[in-house]
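Dear colleague,

I am handing over the structure below, and my notes on what was found in it follow directly after.

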Amino acid sequence: MQMRFLTLAAAVLSAVSAQSFAQQPMEEVVVTATKRAQSVQDVPLSVSVVTGEVMERAEIRDLLDLQTVVPSLRVPQFQNSIQTNFVIRGFGNGANNPGIEPSVAVFVDGVYLSRSQARISDLPNIQQIEVLRGPQSTLYGKNASAGVISVTTKAPEFESRGSVEVGFGNYSQQSLRGFYTGPLSDSVAFSLSGSMLSRDGYFDNIPTGADFNNRDRWNTRADFLVNTSETSQLRVIVDYDELDERCCGTANLVNGPAGFALGALSVVPGQPYIAEDAFNFQHFGNVDTINTGENSGITIDYQTSVGDLDVRSITAYRDSYFDQPLADVDFTAADVIGNNTGETEIKTFTQEIRVTGTAGNADWLLGGFYFDESIDFENSIEFGDQWRNYINLLVGGGIAEGEAVIGGLEALLGYAPGSTFFQDGDGVIETATQENESYSAFGQITFPLSSKTDLTVGLNYLNDEKEITLSQENNDIFSKLSLRGADGITALTNLAYSGGFAAAGIPAITAVPQAAIPGYLQTVAGTVAAIAPTDSNPFVGLEGLQFLPQLLGIPNAAEPGTSNDSKTTYTVSLSHAYSDDLNVYFTYGTGFKGTSWNLSRDSRPTVQERDGILSAGGVLPNNLTIGTRLAGPEEAETVELGIKYSADWGTLNAAIFDQSIEGFQSNAFLGTGFSLTNAGKRSSKGAELDLMVRASEALTLAVSATYLDPIYDDFTGAQLNGQPADFTGLKPAGVHELSLSAIATYTFNINGMDGFIQADYQHDSSVDINSGGDLSLNNIALESRGFREREVNMVNASFGLTRGDWDLRIWGRNLTNDEWLITWFPAVAQTGSLTGYPNQPRTYGATLRRNF
């Protein structure tokens, strides 16, 4: 496939070279991918660049929208406004679980943003965004094992200018943006910007009448630039943003056995949801899911020259807070799971210093990076007022029949019938903290082997230390019962005493003569002891209702909750300029990501941890299951061969690669929490193409494509159908074989007005949304309903006119109203049911800007 791809690239190169295109040179694109300013055509790695102008015309408001113009990047959004995942070349993780850092690192003006909740905001005054594909740990260090997204904003200017923009769109969208930059003195410039975006949701929550997937967010930013001397400058950036939204609407994809019970209890009579209809955009929740978030930070960027050396220091502090005070996570109109709350605060300090210089003909860079972060996380689940009735329906087929079973068990255990198990407000609260300190030292040198050939070598040493705590408050009495142990023995004994074992020849105790009582008691004890731990115990059928099993906290006698990882990564690149227009490069690189801890309620002790506690004389909670606490480090490796060609008509860049991650951190949702484990090895062979053609002075065409052939080379610790599974040899889910992005921009002048028309098309080939292939029972159930796979064919367009100081822009996204599922997952507390998130439907609008 790779050789066919290079042949295609050569054919494209030959074809476009033979055409008579506009001879006005393309504007040079300068990137900082190697932490030096270089032409993108000279950088020996695969990088996509999206300019601020392209993003503005395409109405790209945040990083979620960026994926429509970068085919190797995917940014899915999950159950709330800040749960996103960044994926490059099919590699990426980190959503939903604050203990899991991403494999794709995001930087804004050189500052590392460690979690997705710190990244979702209206993009500020963007200069450009660079997407660096493949491991970038040598220069970017922590958590860049799959790639880097680097956002650069425009610095303040010493010439005064500004703008005010208003916008309107469907779903009652309203937006406002303001920007001003200018001098405060001969040596100090500043800029101020702010924006707000509000929009009704495209989902209707039927029980409450509210809309879901709305937008209600704003941000502000102050930026100061000080020329402290002829060779030094200081830039200080202060920013703040907020959101307050209802997200995210869901659709029922498979209506499982619990559907009848939910229908009987629904506040919408007989309808807990619209069954098996992915794109009706009607959400069913008895409460509205509320998301609020705040991000704030300060960046101090100092640059100076000392002789022939350039020195740069970037210091940053960020505080990111997210609160979900209300959420109905059973996604039905029945008050079964009453509420799921979540609160996360992340405080991060980073410091980077780097020095660049030359030694003879060689260019070199040395640097260091320090990272200190604290996370406070709390999550709770509370049962609703219909939880017990729901259980009764599942157990007995009717409320009265189920109550006889559940109330009877309460009585057998000595509890007051009807007032102990499955009560409104019962549930769990998990509290977790994580302290993370990391430092790295890195360097890179490029020296010429000849007048046309350069060799680049880079090294990075990283140390990453983490310390976590995890605890739980659990007042769900039923989940604490040991139905195969002491509690089961008690219930069975009292059942025998009441005559429940009469069919086995054991009468009620009231029918036993006084003299025979000792022998009777011995018989009952022996019978019960033999039955209790087995499937013959009539109460073990209720184990599936122990919805929230107890958690073994950390630290404990066998698990201190600490990890300490260190690794040296490196990159070697050889580049050769065949001419001023054609460069070829070969790169071998490695990457690293440290240990990630599972801070969800599905954090489970290992066998060694369990045995260590027992050997130390400790006591384990009832119903404790074995699993994982963490996923060990990821170690990435890539081999890449690429060409970069530029001419007056445009540019053609292509690469083939073989990329793998040993210990890929897999994070699978199990219904109430996440299973975190390492895949032995996951790899992807592929090819990328970026073609930009200036067909005329007015028309520019761009096509980018990514082909991927991913596979789990070794993954024996997967989870599937509720059981351990072996994914070795299977394709990872959600990774499209072919992703394509095409953009056409036409500029014109009419009646003294400058104008443009821009259209872009995004295609992702069909792929299984979740893992397991034909081994997955869920995939089989979804296939018959048409929901197993995802394919994307999205068209966006915009039109703009400029007259004097006024700009008008009309835009539309997903104009053909293409439909696909972002993901699906097991419905919470509804075995056999599946729920999914559909994509955003067509949106359109217009903006008017006044420049001054």
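The buried residues of helix α9 pack against α7 (399-412), α8 (477-480) and α10 (517-531), where buried means under 20% relative accessible area, with a 1.4 Å probe and protein chains only. Among them are Asp-487, Gly-488 and Ala-491, together with Leu-492, Thr-493 and Ala-496. Helices here are DSSP runs of H or I with at least four residues, strands are runs of E with at least two, and both are numbered from the N terminus.

Please note that this is a predicted model, in which local features need pLDDT of at least 70 and side-chain atom pairs count only at pLDDT 80 or more, whereas totals for chains, interfaces and linings use all residues. Residues are numbered from 1 along each chain as its sequence is written, and side-chain values use heavy atoms, with hydrogens and water left out.

The end C-alpha atoms of α9 (residues 486-497) are 16 Å apart, which agrees with the 16 Å that its twelve residues should span at 1.5 Å a residue, the expected span being 1.5 Å times one less than the number of residues. Just after α9, Gly-499 takes a positive phi of about 100°.

Elsewhere, Thr-638 lies in strand β29 (residues 634-647) and is buried, with a relative accessible area of 4%. Leaving aside neighbours within four places in sequence, Thr-638 is in contact (heavy atoms within 4.5 Å) with residues including Arg-89, Pro-135, Tyr-588 and Phe-657.

Lastly, β17 and strand β40 (residues 834-838) pair in the antiparallel sense over three bridges, pairing requiring at least two DSSP bridges between two strands; Val-254 stands opposite Leu-834 in β40.

Notes. Buried means under 20% relative accessible area, exposed over 50%, partly exposed in between (1.4 Å probe, protein chains only).
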